Amino acid sequence: MHTNKNYTASLGVIEGFFGRSWSWQDRKNYAQFLALNEYGFYIYAPKDDKNLRRQWQIDWPVEIKKSLADLRQIYRAANVQFGIGLSPHEIYLDNTRNQRAQLDLRIQQINQLEPDILCILFDDMRGDIPGLAQIQIDIAHQTAAASNAKKIIFCPTYYSFDPVLERVFGSMPENYWQTFAQQLDKSIDMFWTGEKVCSTNYPAEHLAQVTELIGRKPFLWDNYPVNDGAVKSNLLQLRAFDQGHSQLADKVAGHAVNPMNQPWLSQIPLASLPLAYREKENYSADAAFTNICSNLCGDVLAKQLQQDTHQLQDLGLKKLSQQERYFLQTTYQRFGNNPYAQEIIAWLNDEYQFDPACLTE
């Protein structure tokens, strides 16, 4: 995978959230943004693409497939790897030859896009099934054999120590993770979100424990700054990644960031992660936030954003009074068509509603 010579882990973005999706234009814009900010990959896996999820057996309609083919070319031109995230929804509940044949067919359709990365995602589905790990390993190996992607990344149903996963998706089968360590091909990476589904940090001891448990370094699926959950949809997560992220490079196989529903505002925290990896102990989250805001938004809007971060990120929509909300709307309307300001206004106007399909915050 493309990596910056200053650090070893591969950094990228996975569009993997619930709620309001990005537009095709937003996705295209990100090719340049990611290239400029030393990111190596982008993975298309929006939760509202039914042809990747509940109707995974069916190829995309012609116009969506064409949009994906165009997007693929734009990322190739920007020298950013392009990935697809397929969630064959509960395929293991009907683990028949027919389903397996459909999986091969679907991967052949995805192969037409020539993805660099193919993710096989078993998150957000029931897991209390005997022999689950073995079935998922067989499916991962089948996927790897059928795919023309250079890299396969697998997401288990239980991808964190967070008890919310067993509460929502059932009890994890015995020796689930240990089975992957023993039997999943070592060339296949495994996603992991940390101690929690939405982790704020990744302690070295935790990552060492997970490496031992799954038999490979975890590939982080970082749920910051994503804001699609019941609580987080009320927040705009703008601050830079914290200092702890500067110490991850040799402890993870890669680092995929799940952004906010707001593509422009997501750029503010996203621009800080490669700095953390590059600057290591010299990295300052506060300095990064200040500089990035100015570079992306211009000095005047940057100053306003920094002044309002507490209201936008800590208090959030539900805790703002009508008067405070009105004051913020008026403030950001002054910036006209600035896309960062426009997203704040849309958020204040309740245009990013929580999607109850998101179960795991």
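**Exercise 1.** State how strands β7 and β8 pair, and over how many bridges.

*Solution.* Start with the ranges: β7 covers residues 219-222 and β8 covers residues 254-257. Strands are DSSP E runs of at least two residues, numbered from the N terminus. Two strands pair if DSSP finds at least two bridges between them. Here there are four bridges, in the parallel sense. One partner of phenylalanine 219 is named: glycine 254 in β8.

This is a predicted model, where local features need pLDDT of at least 70, side-chain atom pairs count only at pLDDT 80 or more, and totals for chains, interfaces and linings use all residues. Residues are numbered from 1 along each chain as its sequence is written, and side-chain values use heavy atoms, with hydrogens and water left out.

**Exercise 2.** Describe how helices α8 and α13 pack.

*Solution.* Helices are DSSP H or I runs of at least four residues. Take α8 (residues 263-270) and α13 (residues 339-348). Their axes lie 7 Å apart, at an angle of about 110°. Axes are lines fitted to C-alpha atoms over the stretch in contact, and angles run from 0 to 180 degrees between N-to-C directions. So α8 is roughly perpendicular to α13 (65 to 115 degrees). Next, list the contacts (heavy atoms within 4.5 Å). Pro263, Trp264, Leu265, Gln267 and Ile268 in α8 meet Pro339, Tyr340, Glu343 and Ile344 in α13.

Conventions:
Angles under 35 degrees count as roughly parallel, over 145 as roughly antiparallel, 65 to 115 as roughly perpendicular and the rest as oblique.
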